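Please read the following report alongside the sequence and the model.

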Amino acid sequence: VNLLDKRLAIVTGKGGVGRSTISAALALILAGRGKRVLVCEVNARERVAPLFGAKPSGHQATEVRPGIFTVNVTPPEAMREYGVMVLHSRTLYRVVFENRLVASFLRAIPSLAELVMLGKILHEVRVEEAPGKPRWDAVIVDAPATGHAVQLLRVPQALLEAVPPGPLRRDAGWMDELLRDPTRTGIAIVAVPEEMPVSEAIDLDGQLRALRLPLTDLLLNAMPERRFNPDEGGILARRRADSAPVGPAAAIAHLQALRAAEAGRYGQRLREAISLPAVEIPFLAAERWDQRAVGQVAAALER
Ligand SMILES: Nc1ncnc2c1ncn2[C@@H]1O[C@H](COP(=O)(O)OP(=O)(O)OP(=O)(O)O)[C@@H](O)[C@H]1O
Ligand SMILES: [Mg+2]
């Protein structure tokens, strides 16, 4: 997975396809290599810390496992940090930004929430503990689903096109440079082998390409195992009507074979439409979706 070599790794795809799990699994792999990793969720109902059996971190980066920190980036908190950074004073921030009139004016600016959240995330990539020593070896972004991810990632370019020279434009400039730098940044598209996630992934690929963002990986999640070859599939189909126990067992196995074949076709469609190296993650049957499942996804990603 190319994403593992980047300072900034962005995981996106349709809702529910496994972005949070994969973000957690990538963090697990990197932490296993001795790296210090921050996973950013973007204005989400926090999922990553609980996946590691920890309580939600909120807006303060919190270590949930050795080497793995998580944070939930939300607009009000990111706005406060951004405001304080610009004004160099918390008091000034309160006077200016928390003024009711100013606050309602700011809320009305489209993409302001995205700008401050993205600014906060990208700031984490650049921030140094000491000269030459970045705070994080890697920042993983559990990005919002398709449309919202594009909205988030296009903010710097939109600002560069719209805003006159000044501090806002300077911020947009370094943000755009970092986001588009293929040596530091990588974006993975996650899909599961079903109609909607597949067509959304193809759309998303097109939109991110149009923004000239550095796509690195296509992650095919929850792929059913191929247990039977086509000949065996044929035999199973014929023996569905046999008497128990062979018949019912053959019927179930035949269903699995059909599902795997269908998933294979979706995988093929994705590979043809999206020219990125593809990695398959198997469908994992887990009673509870927890740390163990994350570990299994990590193992699959490393294979
Ligand atoms: N490889 C897999 N095998 C089986 N089930 C999986 C797999 N990956 C994810 N799932 C299932 O999908 C659910 C959603 O996963 P996850 O929360 O990581 O997705 P998400 O894309 O972050 O969703 P959301 O849009 O809600 O943020 C998991 O709780 C799990 O049940
Ligand atoms: Mg999620």
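I187 has L215 as its bridge partner in β9. The two strands involved, β8 (residues 185-191) and β9, run parallel and are joined by 5 bridges. Strands (E, at least two residues) and helices (H or I, at least four residues) are DSSP runs, numbered from the N terminus. This is a predicted model, in which local features need pLDDT of at least 70 and side-chain atom pairs count only at pLDDT 80 or more, while totals for chains, interfaces and linings use all residues. Residues are numbered from 1 along each chain as its sequence is written, chains are lettered from A and ligands numbered from 1 in the order in which they are written, and side-chain values use heavy atoms, with hydrogens and water left out.

The sheet is open and has 8 strands in the order β3-β4-β2-β7-β1-β8-β9-β10, with mixed pairing; two strands pair if DSSP finds at least two bridges between them. At the edges stand β3 (62-65) and β10 (278-282), each with a single partner strand, so one side of each has no neighbour in the sheet. On average, neighbouring strands are turned by 25° against each other, direction ignored.

Helix α7 (residues 146-153) packs on this sheet and touches β1 (8-13), β2 (37-42) and β8. Its direction makes about 145° with that of β1. Helix α13 (residues 291-302) lies across β3, β9 and β10, running at about 145° to β10. Axes are lines fitted to C-alpha atoms, for helices over the stretch in contact, and angles run from 0 to 180 degrees between N-to-C directions.

In the loop between α9 (167-180) and β8 lies P182. Leaving aside neighbours within four places in sequence, P182 is in contact (heavy atoms within 4.5 Å) with K6 and P214. The C-alpha atoms of P182 and L8 are separated by 9.8 Å, with the two residues 174 apart along the chain.

Ligand 1 is surrounded by 14 residues (a heavy atom within 4 Å), and the closest are G16, S20, T21, R47 and L284. The table gives polar contacts, pairs of N or O atoms within 3.5 Å.

| Residue | Polar atom in the residue | Distance to an oxygen atom of ligand 1 |
|---|---|---|
| G18 | backbone | 2.9 Å |
| R19 | backbone | 2.9 Å |
| T21 | side chain | 2.5 Å |

Taken alone, ligand 1 exposes 630 Å², of which the protein buries 73%; the areas come from the Shrake-Rupley method with a 1.4 Å probe. α1 gives the most to the shell, with 3 residues.

Key: A polar contact is a pair of N or O atoms within 3.5 Å; within protein, one must be able to donate a hydrogen and the other to accept it, and residues adjacent in sequence count only if both atoms are side-chain atoms.
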